[in-house]
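Please consult the sequence and the coordinates shown below while reading.

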Amino acid sequence: MKLKEKVAIITGAGQGIGREYARRLAKEGAHVIVADLNMDKAIQVANEIKELNLKASAIQVDVSNEQSTIDMAKQIEKQYGKIDILINNAAIFSTIKMKKMEEISGGEWDSVLDVNLKGIFLCCKAVVPIMKKQNYGRIINISSAAVYLGRPDYIHYVASKAGVLGFTGALSREIGEFNITVNSITPGPTYTEIPRETVSEIQKKELLKIQSIKKLQEPSDLSGVVVFLCTDDASFITGQTFNVDGGMTVRL
Ligand SMILES: NC(=O)c1ccc[n+]([C@@H]2O[C@H](COP(=O)([O-])OP(=O)(O)OC[C@H]3O[C@@H](n4cnc5c(N)ncnc54)[C@H](O)[C@@H]3O)[C@@H](O)[C@H]2O)c1
């Protein structure tokens, strides 16, 4: 148990990869807060975890709404007395329809940026004052390896995830003196229980060809690095990006 007694918020944990982060952190001894816009799904994931005799609770949050993120942080601080870990995983992702840049409306651009980038800013803004008081915190922001590939046809998404990397570096400089680390993860295409249009069956095969490890990526391929970044072994690592994509991209 590497995260015993830690209180961890995982946004967007009602399904997909966030659900796996929540389950894994709970297995490592953390009390996980499954935070999602979809409260029914959040409750379902929290119940799945509790059925394993592990610690979890559900909370509804809209990460793009400032008051909602403030309410979430206050409620968790009141209930558990601290917030050790924040995994900013919520995003508009599986519901995205692929389309050319000229077909994306200004409104669609705004909603993707509001959740995927402003949402991370608002969650950090709400939680960091609590972490500063504790003189301890671990923040992990979920970006995407799509940034390195410059994947076309969902440019608002790719732009939002590129922004996450800049945000991570700058925030790590601002709060390092409070013993709070801030890092990003860039997952490659990862197949969950949720169907989506962002990778067609043909693209799936093409993407597998350019991976070094010839296996389709699963959520559990990502949770190890998230756990590591939350442990004391990673206490001197901040402002960094961890690429987990089976070697789809090779970077120096
Ligand atoms: N699956 C992949 O291939 C892949 C690859 C790279 C990066 N990612 C990133 O990993 C993360 C998880 O991906 P996934 O495949 O599980 O996505 P998903 O679309 O299946 O799940 C996203 C979750 O976020 C929640 N959410 C959406 N808007 C919200 C809001 N305003 N407030 C709170 N919660 C909200 C949804 O309800 C959902 O539970 C995302 O940040 C995604 O961009 C995924």
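The model is predicted. The partner of Lys99 is Glu108, and the two side chains form a salt bridge with an N to O distance of 2.7 Å. Glu108 likewise counts as partly exposed, at 27% relative accessibility.

In total, the structure contains 14 salt bridges. Side chains of opposite charge can pair when their charged atoms come close.

A salt bridge also joins Glu77 to Lys133, with 2.7 Å from N to O. This pair connects distant parts of the chain, 56 residues apart: Glu77 belongs to helix H3 (residues 66–80) and Lys133 to helix H4 (residues 106–134). Glu77 is partly exposed, with a relative accessible area of 24%, whereas Lys133 is exposed, at 63%.

Glu197 and Lys97 form a further salt bridge, in which the closest N and O atoms are 3.7 Å apart. Here too distant parts of the chain are linked, at 100 residues apart: Glu197 sits in the loop between strand E6 (180–187) and helix H7 (201–209), and Lys97 in the loop between strand E4 (85–88) and H4. Glu197 is partly exposed, with a relative accessible area of 45%.

The pairs described above are tabulated here.

| Salt bridge | N to O distance |
|---|---|
| Glu108 and Lys99 | 2.7 Å |
| Glu77 and Lys133 | 2.7 Å |
| Glu197 and Lys97 | 3.7 Å |

Beyond these pairs, a network of salt bridges links Arg19, Arg23, Glu48 and Glu193.

Terms used:
Residues numbered from 1 in each chain as written. Predicted model: local features only at pLDDT ≥ 70, side-chain atom pairs only at ≥ 80, totals over all residues. Heavy atoms only, no water. Salt bridge = Lys/Arg side-chain N within 4 Å of Asp/Glu carboxyl O. Helix = DSSP H or I, 4+ residues; strand = E, 2+ residues; numbered from the N terminus. Buried < 20%, exposed > 50% of the residue type's maximum accessible area, 1.4 Å probe, protein only.
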